[in-house]
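Here's a quick briefing to read with the structure open beside you. Start with how the chains meet, then take the chains one at a time.

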Amino acid sequence: MDWGLLLTQLMNGLQLGLLLFLLASGLTLVFGIMDFINLSHGSFYMIGAYFCGSIVARGGSFLAAVLIALIGMFVVGAVIERVIARRLYRADHLDHVLATFGLILIFDAIVHIVWGPSGMAIPLPSVLDGQVTLGSLVLPTYRLVIISGGLLVAAILSMLVTRSRLGMMIRAGASNRTMVEALGVNIHKLFLVVFAIGATMSGFAGMLIAPITEASIGMGNDIIIIAFVVVIVGGIGSVKGAFYASILIGLIDTLGRSYLDDLLEIFMSLDYAETAAPALSAMLVYILMAVVLAFRPQGLFPPAGIRA
Amino acid sequence: MMAWLPSSNSGRCYCLLLVLLAVAPWIFQWADQPFLLDLLSRGLILAIAATSLNLIMGFGGMVSLGHAAFIGIGAYCVGIPAYYDFYNGWFHLGLTIVVSASFALLAGAVSLRTKGVYFIMITLAFSQMIYFTFVSLEEYGGDDGLVIYLRSEFPDFLTMQGPVALYYWIFATLLLTLFLVHRLIHAHFGRVIVGAKHNEQRLQSLGFDTYRYRLVCYVISGVICGLAGMLLGNFTGFISPEMMSWIRSGELIFMVVMGGSGFLFGPLLGTGAFVFLEQYLPEFMKFLNPSWLEYWHLPFGLLLVLLVLFGKGGIHGMLSKLDSRTRQSGP
Amino acid sequence: MTRPLLRIHGLCKSFGGIVATDHVDLDILPGIIHAVIGPNGAGKTTLIAQISGALKPDAGQIEFNGRDITSLSTPRRAQLGLARSFQVTSVFLPMTILENVMLAVQGTAGHSYRFWRPAHKDPEMLDEGMAYLQQAGLADRARHLAAEMSHGEQRQLEVAMALAMKPRLLLLDEPMAGMGLEESARMIRFLARLREQTTILLIEHDMDAVFTLADTLSVLVHGSVIATDTVQNIRANREVQHAYLGEEHA
């Protein structure tokens, strides 16, 4: 067994997991507190990438671009909440699916109009573009940046949720909405802030990934589905659940793609294994979700107070 | 009277609509617009799929965000045999029914243990599984899909060759589907399905094992949608996993809601609106400004949001409101 | 001594730390109206939910007609002859009154895997449905939508639907809830006439109704049954007066 490869793959899995967490944590809060299914949460991911990219293209440094784009994302999230999402909280889930599906089309079209149909590459500053040697392991610097950035946000968010007054309201809201209202919290403000923070984190994930993949139209439409899988597996409304489920799914997906064929060869001929492995590895996370839903529908780490 | 039956007035309108659809090929031939027949064929295939979704979603309250998977299954049940130069239509038909029923049974048996958003998400998960299965089947084109060179053959029966013949296959299937759903919904079985949408717990306490009835309904719906996929494969002559991406499933939901969820003819109206918009919205944008052609998703998305915010009941709902208003103001 | 139709033994159910049902033993004899009373939050609805199968008990046994039904699903129990009405009116609002009752008739008339013939033209179901509506005094409005009925009428329909299942045991969860005086009186007359037809387990707040209708009374306090006796004896029972009646008649 090639241990170096395994370690690299583990880091890849961790990277994917943390990106997923940035998307899923906002999604799970909006889902848990407002009971709102936001398919267009992935559009924030795309918009974040484009914001960051256009600031870099105008000569801004990458770090400054990220900071400015984060503020921009908070504003975008707040506007969307105020203008559209707020009107939909009381509607049924089918309406959420439809309206936010429409939002995806709108966002994709707007990006198309503003930035054109082709993708936008974001050059990295040379400091981040190199490689780091960790013992026998050589890793791209930027991968470590993504991982530490993701962990940093996870830590801040976890502090925010467990320690602050806002966090207390968020936790109460995720497990019992009527209670929060009874406590006299300004529910509209809470919803606005939660939604905007979610949009900001989703946008942050887009900014982090864009230097690797480049920003492109519809880049959020596939990953958002995986983020939903994370939310369901982790337990709707649970930030802690979203964290563990993100890492789990990031690892399953990455390791599945690289090792499943070896594993299958134990059971079947090489030919079959090579055909079946890609299909199965792409399906693994969905199988995981189906199994979780069938046997533990409240998710692996439901927020306290929720019982199925 | 029962709210889901078209009132006699609008019932007559829908009958007229069906008659128009029956003679459409002649009209288009006379007007020398073969392209319109293509558009209509595609629309009616999607209408069959949307009607099958309406059966579980509109009547049964089971919101599936993975119904396009069945379209893909049906299409590949034509495409894969055709890849081996096997064009027997009865075989295609049988295969479509068996495979879509089996998949519906399996996916439904797991999915229907959940409710609400969980059901939405798990149907999505199952369709993603099917999607990625076909993406990774490189023998059958993987991502790029398959070309079907010949249509299904039904020797000693009716031919599918030629656009008009295929159109009538599609039209007949749509008629059968509408009739079947209509009977189903008003039969004993349908009462259970409709009742379970409104209050499942109450229905269970009346002695109905709602899980099983819903599962049977889901399988019926899946098979109908599979048949739509079989027709779509024959119609386009080209199939790819993209047909079953979750975006397509979202569009199916749109068609049902746009037309009027829970009304027999709702999906037909909604699909009509969808295909019309998809075809003519770009041209309208181009008319406004030639460089706007590709931006047609913008008004389309706006329309969706507005539909949810203000258009309760879809086209059917608006028509019946209009109908009752004219009746009130009339003699 | 007659064998009880429903026998509950050692039934327990708690939610988190809150005990809703605490070792309940209860025998319901056939052919009578057995009322369960108790203050708010005593666990009456939780008890009904466990008997009907909507909730799974943590421990204990439920025997119906000599058969252990503890692990059976709600529909199976309904098939065996256990019908319930709900505290919150649960009629199907978009359907007509007749369709509501016919659905109930259909529920116990074998399977419903009948896909073709319209259910609303089934002559047997139609006649049966009308008969139950007649009994509930709703026959003249059979073709109206359930949504158009008054609250009291919806409660009547709720009971008529349970009755249409031809139950051996009818579980009625506060059938008089939210009713005015006149409506209550009408419901009491309706229920009194059912005595011949079936056994009734009645959960009710309205003491006049309970004293008029019930043959036997059980008092539920904090999840346990503190007394079961005839109406006269319960009225005389000091413990009960203290635990329950005292609160209202003080």
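Chains A and C do not touch, and their nearest C-alpha atoms are 9 Å apart. Two pairs of chains do touch, and the one with the most contacts is A with B. Keep in mind that this is a predicted model, with an ipTM of 0.87 and a pTM of 0.89.

**Where chains A and B meet**

- This contact takes 36 residues from chain B and 36 residues from chain A.
- On chain B's side, the helices that each supply at least two residues are α5 (116-136), α10 (246-259) and α12 (297-310) of chain B.
- Which of them gives the most to the side of chain B that touches chain A? That's α5(B), with 15 residues.
- Sort the residues on that side of chain B by type and you get 26 nonpolar, 8 polar and 2 charged.

**Where chains B and C meet**

- Here 22 residues of chain B are in contact with 26 residues of chain C.
- Chain B's elements that give two or more residues to this side are α6 (163-186), α7 (188-198), α8 (200-205) and α9 (210-236).
- The top contributor on the side of chain B that touches chain C is α7(B), which gives 6 residues.
- By type, the chain B residues that face chain C split into 9 nonpolar, 9 polar and 4 charged.

**Chain A**

- Chain A has 12 helices and 2 strands.
- Reading from the N terminus, its elements go α-α-α-α-α-β-β-α-α-α-α-α-α-α.
- The C-alpha trace of chain A spans about 60 × 50 × 35 Å along its principal axes.
- How does its radius of gyration sit against a compact globule? For 308 residues such a globule would come out near 19 Å, and chain A has 20 Å, which agrees.
- Of chain A's 308 residues, 49% count as buried.
- Take the contacts in chain A between residues at least 6 apart in sequence: 78% of them join residues at least 24 apart.

- You'll find A:Val193 in helix α9 (residues 187-213) of chain A.
- Is A:Val193 buried, exposed or partly exposed? A:Val193 has 18 other C-beta atoms within 10 Å; a residue needs 20 or more to be buried and 12 or fewer to be exposed, so A:Val193 is partly exposed.
- A:Val193 and A:Phe74 are 119 residues apart in sequence, yet their C-alpha atoms are 8.7 Å apart in space.

**Chain C as a whole**

- Chain C contains 9 helices and 10 strands.
- Chain C is as compact as a globular protein of its length, because its radius of gyration of 18 Å is close to the 18 Å that the globule rule gives for 250 residues.
- Along the principal axes, the C-alpha atoms of chain C fill a box of roughly 55 × 40 × 40 Å.
- Of the 250 residues in chain C, 44% count as buried.
- Among the contacts in chain C with a separation of 6 or more, 67% come from residues 24 or more positions apart.
- On confidence, chain C averages a pLDDT of 87, and 96% of the residues score at least 70.

**A sheet in chain C**

- Look for an open sheet of 4 strands in chain C, with antiparallel pairing and the order β2-β1-β4-β5.
- Which strands sit at the edges? They are β2 and β5 (67-68) of chain C, and each pairs on one side only.
- Strands β1 (residues 6-15) and β2 (residues 18-28) of chain C pair in the antiparallel sense over 7 bridges.

Note on methods:
Residues are numbered from 1 along each chain as its sequence is written. Chains are lettered from A and ligands numbered from 1 in the order in which they are written. This is a predicted model: local features need pLDDT of at least 70, side-chain atom pairs count only at pLDDT 80 or more; totals for chains, interfaces and linings use all residues. Two residues are in contact if their C-beta atoms, placed from the backbone, lie within 7 Å. Ala, Val, Leu, Ile, Met, Phe, Trp, Tyr, Cys and Pro count as nonpolar, Asp, Glu, Lys and Arg as charged, and the others, Gly among them, as polar. pLDDT is the predictor's confidence in each residue, from 0 to 100. Two strands pair if DSSP finds at least two bridges between them. The radius of gyration is taken over C-alpha atoms; the globule rule is 2.2 Å times the number of residues to the power 0.38.
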